[in-house]
Amino acid sequence: MNAASIQQFKFTGPLGLAIISLPFSIGLCNLALGLFGISWIIEGRWKEKLKVFSNPLVLLACLFFFLHVLAVFYSQDKQNAWFDLEKKVSLIALPIMLASVSLKKTEVRFLLNLFIIACLTGTLICLGVALRKISQGLTDINFDTYSALMFHSVQSTSTEPWGLLSYVELASGLGMHPSYLSLYLLFCVIILIHHHADSFSHYSKGKKIVILITLIYLGLFIVCLSSRIITIAFIFISIFSVFRFLKSNLYFKWSSAFLLVGLIVGFLYLNPVSRFRNYQEIIATWPFLKSGLQTQSTTIRASLWSLSIQSLPKINWLVGAGTGDVQHIIHETSEEQHITNILNSNDPHSQYLQTLLGLGVLGLATLLAYFFIPAFTAYQIGNYFYLSFIFVFGLLCLTESALELQKGIVFFSLFNSILVFH
């Protein structure tokens with residue numbers, strides 16, 4: 001290994017460790033990112049690094065973080081506000097650092113492939129844990145008591161061992177929420193499409209089979225995890241993949257896309273847990289907006305969205321209520337409207353509503369600009385890789401406060417910075 005390789009490894013090494021550990025341990029991931037930060041500081045070159053602040057996307061990242069800093073001072077719950085700020089350090093640190101280091105195309109590809117390997121390893125661990133539970137005769141605990149009663153009331157046949165191979169139980173092998181594990185796996189699908197679609201027709205038969213099996217395996221895993229919003233995103237990405245991989249006429253592409261969607265929907269219906277979450281629960285709990293105690297995931301989410309919207313008159317529209325006070329305001333509104341849920345949750349379950357309540361119109365506009373400006377640039381130059389990434393993450397933000405948990409914050413700040421600046 002020559003001096004240039006050693007010099008470059010000081011960045012790719014910690015980044016690789018962070019990416020490998022992301023699905024398994026957020027603590028180890030943050031430690032690796034800390035090592036990356038130390039290497040970045042030791043390197044020097046401060047005159048060149050200061051030039052990154054002329055980059056509009058770096059400035060947007062700084063503005064978004066700075067708004068959180070300001071929000072600490074007018075939040076009533078300052079302890080919670082400081083904790084929220086601490087979680088979001090990577091939102092400013094990673095864009096600044098990754099915009100000012102040089103990564104070769106081969107190194108970026110290597111890092112992305114590491115993520116695929118890590119996620120595939122994680123899925124095998126999840127399957128191993130699920131199969132062990134099946135062999136021990138354990139029953140699944142995918143649902144709370146209320147949801148379990150509804151689930152079993154609409155199932156005409158036994159659901160074992162589907163319960164242990166689906167949703168929360170399947171993701172429990174890594175201790176992750178199904179939505180975030182689904183997000184990671186769908187990003188792996190997007191990486192594979194980007195890396196191999198254009199050259200797929202020139203590959204050997206063996207390599208084609210390996211890629212197709214990997215894509216099918218990841219797709220089945222995503223469906224079994226039963227995250228509604230990621231399943232919707234997966235269907236769109238699947239249609240996109242058909243058009244990327246196939247080089248035939250338009251009619252054959254659309255026919256293949258409809259066939260693929262049909263197979264996905266068929267498997268969704270075959271899996272009783274996915275069928276319940278994506279169809280039966282939604283039908284059974286319509287209409288969603290009801291007063292009183294909410295017991296199903298659909299009604300809980302709908303009620304939290306409604307309460308968030310009803311809480312808007314209580315905030316300063318320009319700068320919000322402060323990030324530390326969002327859940328307090330929603331709780332106050334829930335008591336006024338007599339709407340509660342069995343989870344005792346006051347999470348808006350939408351990053352857009354979370355940001356609007358905490359940081360006001362200024363914060364939401366900054367967040368949307370942070371999403372849409374690079375997306376628009378990517379569209380102009382035909383960078384469908386980044387468009388797919390931001391489409392999936394932006395869609396997840398509709399139903400999850402994805403930038404309030406480390407699994408979402410670090411994932412976005414790390415890969416968004418890599419894809420935007422490299």
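**Figure 1. Salt bridges in the predicted model.** A search of the whole structure finds twelve salt bridges, a salt bridge being a side-chain nitrogen of Lys or Arg within 4 Å of a carboxyl oxygen of Asp or Glu. The structure is a predicted model, in which local features need pLDDT of at least 70 and side-chain atom pairs count only at pLDDT 80 or more, while totals for chains, interfaces and linings use all residues. Residues are numbered from 1 along each chain as its sequence is written, and side-chain values use heavy atoms, with hydrogens and water left out.

**Figure 2. The salt bridge between Arg228 and Glu281.** The closest N and O atoms of Arg228 and Glu281 are 3.2 Å apart. Arg228 lies in helix H12 (residues 228-245) and Glu281 in helix H14, so the pair ties together parts that are 53 residues apart in sequence. Helices are DSSP runs of H or I with at least four residues, numbered from the N terminus. Both Arg228 and Glu281 are buried; buried means under 20% relative accessible area, exposed over 50%, and partly exposed in between (1.4 Å probe, protein chains only).

**Figure 3. The salt bridge between Lys314 and Glu332.** Here the closest N and O atoms are 3.4 Å apart. The pair links distant parts of the chain, 18 residues apart: Lys314 is in the loop between helix H15 (297-310) and helix H16 (326-337), and Glu332 is in helix H16. Lys314 is partly exposed at 33% relative accessibility, and Glu332 is partly exposed with a relative accessible area of 40%.

**Figure 4. A network of Glu43, Arg45, Glu48 and Lys49.** These four residues, Glu43, Arg45, Glu48 and Lys49, are joined by salt bridges that share partners. In the salt bridge of Arg45 with Glu48, the N to O distance is 2.7 Å. Arg45 has a relative accessible area of 31% and is partly exposed; Glu48 is partly exposed at 46%.

**Figure 5. Helix H18 (residues 384-399) and its N-terminal cap.** H18 has 16 residues and reaches 23 Å from its first C-alpha to its last, close to the 22 Å expected at 1.5 Å a residue; the expected span is 1.5 Å times one less than the number of residues. Of the 16 residues of H18, 13 are buried, so the helix is largely enclosed by the rest of the structure. Asn383 caps the N-terminal end, with a side-chain oxygen 3.3 Å from the backbone nitrogen of Phe385.

**Figure 6. Helix H7 (residues 105-135).** The 31 residues of H7 reach 45 Å from first C-alpha to last, close to the 45 Å expected at 1.5 Å a residue. Just after H7, Gly137 takes a positive phi of about 75°.

Note on methods. Helix = DSSP H or I, 4+ residues; strand = E, 2+ residues; numbered from the N terminus. Polar contact = N/O pair within 3.5 Å; in protein donor to acceptor, adjacent residues only side chain to side chain.
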